[in-house]
Amino acid sequence: MSFTERITWTSLVVLPVVALTYFTVVLTRLADAPVDEVSWIVPMIWAIGTVIVGMIAGAIAQAIAATIASGGEEPDTEGDVRDKEIDRIGEYAARHVTSLGCMAVIVLAMLRADHFWIANGVFLAGLVGGVVSGIVKIRAYRRGF
Amino acid sequence: MGKKKTPNCDEEWASMSRDEVYNWIFALVSLVSTITYLAILVPRKIGAPASEVSYVAPLLWVFGCGMVVGFGTALAVRLAAPKDSKVRDERDKEIELIGQYVGSGFVTIGAMAALVLSILEVDHFWVSNSLFVGFLFAAVLSSFAKAAAYRGEYPEI
């Protein structure tokens with residue numbers, strides 16, 4: 001398994017876990033209070049921070065594991081042509097998902113919906129895009145493309 | 001688009017795959033749309049508070065007209081194209097991926113800006129427009145990157 005494939009797996013663990021936790025917290029709050037009183041900003045900043053830290057920690061852990069496994073040799077973190085091709089295919093799929101989500105958000109913004117819905121719409125679109133990209137990439141790694 | 005009767009242009013036309021012609025249409029439509037939208041929006045914004053600028057109608061018009069003109073022209077090309085013209089091959093697919101990859105940065109920037117703006121509870125004018133202008137810039141950049149890639153200048157990514 002190449003280093004970039006391992007990173008893709010890391011994102012498929014980090015993103016769904018963060019998304020589930022975040023939306024559980026926020027939707028529980030939303031059930032108890034009107035939209036404009038729900039405090040979602042701090043959880044969202046935590047969620048974004050967790051994704052960033054989780055991905056970096058994951059990459060470092062993978063790099064250390066790969067170095068130990070190969071007996072001290074530095075792992076190839078750049079990836080080869082195939083890794084790049086798969087990356088493009090994954091990003092291409094993600095872009096379509098995220099773009100559709102963002103178009104829905106533009107409609108919400110034009111209707112002057114509460115900022116809660118707009119921010120969470122963008123956030124959801126980004127998270128779903130990230131997960132879709134991960135799934136498409138893993139499919140491409142495992143089954144070819 | 002290959003309308004001139006010179007043999008050179010006909011050869012050019014014949015050497016283009018339909019995807020490349022579609023891409024040129026998309027490139028021109030997205031460029032004209034972006035310029036038109038900004039030309040309407042910027043004067044309206046100057047001197048008016050964001051909450052009073054009416055941008056919804058221009059946004060919908062630019063989007064709608066872009067779609068109709070783009071798909072209309074593409075359909076016309078489809079009907080006018082020689083029967084044996086190339087449709088799509090591996091190279092077209094590869095260029096499509098590269099083009100989208102190049103442009104997607106702007107969608108991401110627009111979305112991240114919209115997220116930050118709505119966290120700061122900035123007026124909806126800015127939120128809508130950061131997203132929409134992000135889309136427009138992405139469309140322009142990716143279609144011109146694709147046009148360049150067709151002519152042999154693959155961007156380094």
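Q: Where is the place of Glu121(B) in chain B?
A: Glu121(B) sits in the loop between α4 (90-119) and α5 (124-150) of chain B; helices here are DSSP runs of H or I with at least four residues, strands are runs of E with at least two, and both are numbered from the N terminus. The model is a predicted one, in which local features need pLDDT of at least 70 and side-chain atom pairs count only at pLDDT 80 or more, whereas totals for chains, interfaces and linings use all residues. Residues are numbered from 1 along each chain as its sequence is written, chains are lettered from A and ligands numbered from 1 in the order in which they are written, and side-chain values use heavy atoms, with hydrogens and water left out.

Q: Is Glu121(B) buried or exposed, and what is its phi?
A: Most residues other than glycine have a negative phi. Glu121(B), although not a glycine, has a positive phi of about 55°. Glu121(B) counts as exposed because its relative accessibility is 53%; the classes are buried under 20% relative accessible area, exposed over 50% and partly exposed in between, with a 1.4 Å probe and protein chains only.

Q: Which loop of chain A holds Arg112(A)?
A: Arg112(A) lies in the loop between α3 and α4 of chain A. Arg112(A) is not a glycine, yet its phi is positive, about 55°. With 41% relative accessibility, Arg112(A) counts as partly exposed.

Q: With which residue does the side chain of Arg112(A) meet in a salt bridge?
A: Side chains of opposite charge can pair when their charged atoms come close. The rule asks for a side-chain nitrogen of Lys or Arg within 4 Å of a carboxyl oxygen of Asp or Glu. Arg112(A) meets Asp123(B) in this way, at 2.9 Å from N to O.

Q: How far apart are the closest N and O atoms of Arg88(A) and Glu94(B)?
A: They are 3.1 Å apart, and the two residues form a salt bridge. This pair crosses between chains, from helix α3 of chain A to helix α4 of chain B. Arg88(A) is buried, at a relative accessible area of 12%, whereas Glu94(B) is partly exposed at 22%.

Q: What area is buried between chain A and chain B?
A: The size of an interface is often given as the accessible area lost when the parts come together. Here that area is about 2,600 Å², with carbon and sulfur atoms giving 70%; the loss is taken with a 1.4 Å probe and summed over both parts. In chain A, Arg88(A), Arg95(A) and His115(A) lose the most area to chain B, together 28% of what that side buries.

Q: How many residues of each chain are in contact?
A: Chain A contributes 26 residues in contact with 30 residues of chain B, where contact means heavy atoms within 4.5 Å.

Q: Which parts does the salt bridge of Lys137(A) and Glu91(A) tie together?
A: The two side chains meet at 3.2 Å, N to O. Lys137(A) lies in helix α4 of chain A and Glu91(A) in helix α3 of chain A, so the pair ties together parts that are 46 residues apart in sequence. Lys137(A) counts as buried at 11% relative accessibility, while Glu91(A) is partly exposed at 31% relative accessible area.

Q: What is the distance in the salt bridge of Arg151(B) and Glu20(B)?
A: The distance is 2.7 Å, N to O. Arg151(B) belongs to the segment after α5 of chain B and Glu20(B) to helix α2 of chain B, so parts 131 residues apart in sequence are tied together. Arg151(B) is partly exposed, with a relative accessible area of 45%, but Glu20(B) counts as buried at 3% relative accessibility.

Q: Which residues does Thr34(B) touch?
A: Not counting residues up to four places away in sequence, Thr34(B) touches Leu136(B), Phe137(B) and Val140(B). Thr34(B) is found in helix α2 (residues 18-45) of chain B and counts as buried at 6% relative accessibility. A polar atom of its side chain lies 2.6 Å from the backbone oxygen of Ser30(B).

Key: Buried area = accessible area lost by both parts, 1.4 Å probe. Polar contact = N/O pair within 3.5 Å; in protein donor to acceptor, adjacent residues only side chain to side chain.
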